[in-house]
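Visitor: Hi! Could you walk me through this one?
Guide: Happy to, here it is.

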Amino acid sequence: MITLIDGLSLGSIYALIALGYTMVYGIAKMLNFAHGDIIMVGAYAIMVTLAATVSPIAAIVAAIVICTILGILVEKLAYKPLRGASPLAVLITAIGVSYFLQGLAQLVFGSQPKPVGSAWKLPAIEAINSLGITTAAAVTLVCGIIIMIALTLFINCTRTGSAMLAVSEDRGAAILMGVNVNKIISITFAIGSALAAFAGMFYLFQIPNTEPTLGAMPGITAFTAAVIGGIGSIPGAMVGGVLLGVIEKFCLASPLAPYTVAIKFSLLILILLVKPTGLLGKVVREKV
Amino acid sequence: MSDIMLKTENLGITFGGLKAAQDVNIEIKKKQLYGLIGPNGAGKTTIFNLLTGVYKPTAGKFYLDGEELTGKNQEAINRKGIARTFQNIRLFNNMTVVRNVMVGLHNNPEFKCNPFVSAFRLPRHFKVEKAMRERAKELLRIFGLEDERNSLACNLPYGKQRKLEIARALATNPKLLLLDEPAAGMNPQETEELMDTIRFINKEFDLTILLIEHDMKLVGGICEELTVLNFGKVLAEGETKEVLNNPEVIKAYIGD
Amino acid sequence: MGKINIKIKPKHLVNYSIVLVMLLIGVVMLETGNLRPSIAQLFTQIGYSIILAVSLNFVVGFLGELSLGHAGFMCVGAYIGGLSAVMLKQALGASAKLPVLVIAMLIGGLSAAVFGFVIGLPSLRLKGDYLAIVTLAFGEIVRNVFMNQKIFGGARGLTTGSLTYDTRRAPTLFIVTFIVALVMLIIIQNIVRSKHGRAITAIRDNEIAAKAMGINVTFYKLFVFIVAAFFAGCAGVIYAHTTTPVLYTFFSYNYSIEILVMVVLGGMGSITGSIFSAMFITIVNFMLQSQLSGDLASLRNLIYAVILIVVVVFSNAPALKSFREKYSLGALFAKLFRGKLSDPAKRKDDEAKWDRVPTKIKMDALLSTDLNVDYTPARPEDLNGGKEGK
């Protein structure tokens with residue numbers, strides 16, 4: 001039971017990251033390899049602001065703002081010039097951006113893990129903690145669910161949201177209908193990066209240390225989640241993320257613990273081979 | 001041996017609930033020039049995709065020269081003798097013209113040469129390469145592309161790209177050649193030339209040709225028989241003149 | 001029998017001679033007693049970097065599939081080849097250095113080739129990004145599994161200290177390495193310039209058309225992955241002879257990306273480019289490692305990142321097309337050797353461009369909704385042409 005709650009809470013972190021992948025993939029048709037590293041930037045932003053202001057709220061706001069700006073900046077500088085170029089070129093550039101962010105963080109903060117600071121602590125909530133569930137897990141789970149509901153509402157109930165759906169459905173038609181595709185793509189990157197900042201925050205609740213490669217593993221795992229759910233599908237990313245979090249926690253609690261990474265990735269390969277469109281994705285044929 | 005080259009029996013495919021083609025029966029005699037026409041969305045290219053193995057039919061069968069090919073994959077079908085061109089040209093853009101044709105010659109038994117021989121450049125490799133290049137040049141000569149043989153395929157003008165695609169398909173030594181809108185985007189003079197070329201390869205290579213075309217001048221000029229498709233079904237078939245004067249057909253094209 | 005033409009074309013001679021020249025320099029330094037062990041180590045590193053870069057280029061540049069698991073193949077070679085070398089050495093005695101290395105290299109290479117076959121299988125169903133991620137996942141799985149095997153030393157890594165090939169007096173591993181690199185160049189270049197190479201590039205340029213031409217796509221995809229994995233495995237065995245312990249952390253996807261940087265910098269599909277950039281990056285690494293210590297070493301990652309982004313954006317951005325045609329290296333060379341080389345009509349068949357960046361690399365079907373996937377139609381009529389098909 002506790003493993004399940006832990007898994008769900010880890011899963012909601014994955015789901016938040018996976019949402020970023022899946023939205024960007026659906027709308028810009030590219031795999032944003034650097035998405036995981038945005039989480040890392042968010043974590044460092046929290047650490048630095050916390051050291052300066054001692055206010056966790058300020059730290060969270062700073063992380064969200066910085067990540068959002070970074071997301072838009074990366075899109076404008078690295079990806080936009082390549083729109084219309086081969087997807088391979090875009091993917092390699094994204095890898096480059098990921099490398100760049102990691103290298104930069106290492107240069108500035110060093111490669112050793114750094115503690116966030118003592119101000120970063122959640123209050124104990126007796127009612128939950130007595131059950132063996134950490135406050136961090138509970139907060140992550142609840143906030144994760146709230147954020148996902150808010151995102152779903154945003155996409156389904158606002159003009160911008162429906163424009164995003166239109167672009168992911170058929171970019172050409174959306175342009176003809178007067179949708180400003182560049183703006184929509186920027187917004188997508190902004191939202192995805194803000195979600196990554198939240199993910200970074202929850203991550204720090206669980207492991208209060210930052211390091212330059214912090215985002216790499218959750219990033220790839222969340223990508224797996226996005227694929228499992230069906231890339232491009234928003235509910236799919238949520239389901240996939242939660243599923244993967246639960247699987248990971250159960251693996252870690254079992255004798256197979258050393259093989260957790262192998263199991264996660266084997267699952268990815270298996271899903272891609274058997275059902276490349278994922279659980280909730282849809283089939284699109286290549287035209288001949 | 002019968003004189004039927006291609007025979008389809010109630011061929012059909014459904015995508016989800018959409019019947020893209022159903023109960024299509026076509027019979028093409030050897031060395032015939034046969035046309036497949038119909039309004040946009042009638043399922044003509046779908047038929048090509050079925051015949052070349054891009055899609056597996058959900059109903060019916062088809063035979064090439066008496067041999068059933070239903071359900072075989074694209075490579076196998078090509079080796080059995082069906083070659084095609086594409087509606088939206090699909091050349092190997094980053095390769096030279098002559099190499100495009102040489103890819104078509106790849107499976108020709110005369111040019112067999114396993115990777116080991118090539119990796120160590122045994123004498124057979126040089127012999128095969130030279131012979132392939134000569135054969136490719138001959139084919140290019142027929143289409144008047146000899147002089148452009150060393151430019152990249154993507155740098156050719158549009159009409160020549162279409163011709164190159166036919167040359168490349170011809171290189172696979174097919175019994176049946178499927179041409180998907182060979183005259184699309186050509187001006188009247190180019191179309192005229194193309195008609196001559198199609199007639200020429202039809203005679204010279206003893207080739208059966210099935211073509212999709214919207215240009216009625218071309219269809220009327222070279223096709224001996226026609227099948228008209230509408231909404232995935234055969235609307236009419238028979239000799240070209242009769243079919244083109246069939247009121248049903250005219251209605252399908254022009255509307256009521 | 002007709003006359004057989006056995007001229008070796010100059011371009012390919014260049015590639016052989018680069019490696020030969022380095023081999024010669026090394027041997028001369030060795031004979032004159034000027035070869036310090038650290039420099040010999042650098043030569044070996046350059047050698048196996050060339051092997052890795054060219055074999056990855058075979059997959060990325062010629063077959064057109066992005067593989068992020070090349071370090072995984074190297075990992076297989078290093079662990080399995082390394083372990084068999086240790087065992088062989090016990091069986092054959094310490095004096096049989098060369099036979100041990102050669103046999104171990106075959107074992108390591110072949111086991112990597114088996115993995116190459118396994119990872120080639122998904123490439124039959126998946127394309128583009130998805131395949132890239134699968135290869136990345138594969139590399140991580142391999143690492144994770146080897147890390148947990150007691151026989152390979154577990155988390156402490158495989159001890160290969162007894163294998164040290166270079167001695168203080170005679171550091172000769174680089175000779176073997178360069179010879180392997182030469183063999184690889186011969187095989188890959190000859191394949192690329194044969195009908196098989198044409199089939200492979202045809203798959204890269206347009207897989208659907210290649211299938212329609214009867215090209216056995218299954219065979220060629222697996223073939224390319226197997227050959228590339230074999231040589232990456234060989235490189236792994238060489239690596240196992242230079243370093244102890246062989247540690248799984250080395251083969252993370254970061255290393256796969258480092259190899260990819262070499263390929264991208266040299267130009268996808270250009271073997272000469274891969275050789276030069278493998279040399280360049282290995283030397284830069286070597287210098288930075290001795291100059292910069294600690295966290296400053298991360299400058300290296302920054303440099304790689306900038307190289308990747310700048311090179312790819314420069315050579316692929318649609319908006320920079322005309323700029324590129326004027327100022328690219330290729331254009332500069334064409335100006336230098338004005339005349340024969342630059343005029344495509346006068347180009348000999350065999351000198352046709354192998355070294356173009358592939359434009360195809362079709363993504364999964366999702367991308368087919370994208371506007372400019374395949375080619376730009378030459379005439380407006382063709383825009384309507386695609387409407388009818390399914």
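Guide: First a term: two strands pair if DSSP finds at least two bridges between them. Helices (H or I, at least four residues) and strands (E, at least two) are DSSP runs, numbered from the N terminus. This is a predicted model, where local features need pLDDT of at least 70, side-chain atom pairs count only at pLDDT 80 or more, and totals for chains, interfaces and linings use all residues. Residues are numbered from 1 along each chain as its sequence is written, while chains are lettered from A and ligands numbered from 1 in the order in which they are written.

Visitor: Ok, in β10(B), what's the bridge partner of B:I37?
Guide: That is B:V228. Strand β4 (residues 33-37) of chain B pairs with strand β10 (residues 225-230) in the parallel sense, over 4 bridges.

Visitor: And which residue in β9(B) is the bridge partner of B:L36?
Guide: B:I212. Strand β9 (residues 208-212) of chain B also runs parallel to β4(B), with 4 bridges.

Visitor: Is β4(B) buried or exposed?
Guide: Buried (20 or more other C-beta atoms, placed from the backbone, within 10 Å of a residue's own). That holds for 5 of the 5 residues of β4(B), so the strand is largely enclosed by the rest of the structure. B:L33, B:G35 and B:I37 lie on one side, B:Y34 and B:L36 on the other.

Visitor: New topic: how is chain B divided?
Guide: Into domain 1 (4-81 + 174-254) and domain 2 (94-159), with bounds from an automatic or database domain assignment. Their centres, taken over C-alpha atoms, are 28 Å apart.

Technical notes
Buried ≥ 20, exposed ≤ 12 C-beta atoms within 10 Å, placed from the backbone.
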